[in-house]
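Morning, everyone. Let me put the model on the screen and walk through its contacts.

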Amino acid sequence: MGSMTADLMDDIGAGYQSCETQFRQFGGRDRFEGRIRTVRCDGDTVLVKRVVEEPGEGRILVVDGGGSLHTALLGDRTAAVAAGNGWVGIVIHGAVRDVDELRNVPIGIKALGTNPRKPRQEGAGEVDCEVVFGGVTFRPGEMAWSDGDGLVTTALR
């Protein structure tokens with residue numbers, strides 16, 4: 001069996017975007033696919049926690065933390081809540097923590113790196129907005145696919 005993302009790019013490459021950001025895998029699932037929801041935040045996880053407390057319905061949460069590794073935007077407890085509520089994946093354009101525990105959570109998690117520093121809890125940011133990183137525009141409701149080769153979304157309009 002080949003790579004899901006590579007096969008998509010080989011078969012219908014013009015219809016998809018491939019994220020150039022080099023993520024690391026942290027969760028218990030290496031492959032995941034689903035519709036996108038988004039959060040934009042800067043070192044603050046209130047909105048991330050609020051969104052994953054909602055039914056995930058097989059979706060992927062894409063969190064734009066501006067690429068900062070200053071604080072973690074996801075830890076083991078929030079990841080466990082997300083998995084329990086039916087989210088299949090979380091992509092963090094930033095850092096995570098509790099990495100030993102994240103491997104045991106049955107959800108896909110991609111992030112840039114790690115930092116044990118606790119985030120702010122102020123509620124600043126946006127939910128369900130377009131976010132852009134790695135040459136890709138992530139739009140709520142569009143599809144994304146993730147595996148060891150990368151992260152692919154539907155094409156730009």
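C19 is buried, at a relative accessible area of 8%. Buried here means under 20% relative accessible area, exposed means over 50%, and partly exposed is in between, with a 1.4 Å probe and protein chains only. This is a predicted model, so local features need pLDDT of at least 70 and side-chain atom pairs count only at pLDDT 80 or more, while totals for chains, interfaces and linings use all residues. Residues are numbered from 1 along each chain as its sequence is written, and side-chain values use heavy atoms, with hydrogens and water left out.

Stay with the cysteines. Which cysteine sulfur is closest to that of C19? It belongs to C129, at 16 Å, which is too far for a bond. C129 is buried too, with a relative accessible area of 9%. The closest cysteine sulfur to C129 sits in C41, 9.6 Å away, again too far for a bond. A disulfide is a covalent bond between the sulfur atoms of two cysteines. The cut-off used is a pair of cysteine sulfur atoms within 2.5 Å. The structure holds zero disulfides.

Now the cores. A nonpolar core is a set of buried Ala, Val, Leu, Ile, Met, Phe, Trp, Tyr and Cys residues joined through side-chain atoms within 4.5 Å. The largest one has 22 residues. Which members touch the most others? V39, L61, V63, I90, I92, V96 and I109 do. At least two residues each come from α2 (46–52), β4 (60–64), α3, β5 (89–96) and β6 (108–114). The top contributor to this core is α2, with four residues. Apart from it lies another core of 15 residues, and C19, F23, C129 and V136 are among them.

A word on the element names. Helices (H or I, at least four residues) and strands (E, at least two) are DSSP runs, numbered from the N terminus.

Zoom in on V63. Leaving out residues up to four places away in sequence, V63 touches V39, C41, V48, L73, I90, V91, I92 and H93. Contact means heavy atoms within 4.5 Å.

Next, helix α1, residues 4–12. M4, T5 and L8 are its buried residues to look at. Why do they fall on the same side of α1? Because they cover an arc of only 100 degrees around the axis. That arc is taken from the directions from the helix axis to the C-beta atoms. What do the buried residues of α1 pack against? Four strands are listed: β1 (16–18), β3 (32–40), β10 (143–147) and β11 (150–154).

Helix α3 spans residues 76–84 and holds A80. A80 is partly exposed, at 40% relative accessible area.

On to the aromatics. A pair of aromatic rings is described by the distance of the centres and the angle of the planes. Rings of Phe, Tyr and Trp (its six-membered ring) pair if their centres lie within 6.5 Å; planes under 30 degrees apart count as stacked, over 60 as edge-to-face and the rest as tilted. The count comes to three aromatic pairs. Y16 and W145 make an edge-to-face pair, 5.2 Å centre to centre with 80 degrees between the planes. Y16 lies in β1 and W145 in β10, so the pair ties together parts that are 129 residues apart in sequence. Both Y16 and W145 are buried. F23, F133 and F138 form one aromatic cluster.

Last topic, charges. Side chains of opposite charge can pair when their charged atoms come close. For a salt bridge, a side-chain nitrogen of Lys or Arg must be within 4 Å of a carboxyl oxygen of Asp or Glu. How many turn up across the whole structure? Eight salt bridges.

R59 and E57 meet at 3.7 Å, N to O. R59 is buried, at 18%, whereas E57 is exposed, at 64%. R97 bridges to D98, with the closest N and O atoms 3.9 Å apart. R97 is partly exposed at 22%, and D98 is partly exposed at 28%. E142 and R139 form a salt bridge with the closest N and O atoms 3.8 Å apart. E142 counts as buried at 13% relative accessibility, and R139 counts as buried at 10%. Finally, R37, E54 and D128 are linked in a network of salt bridges.
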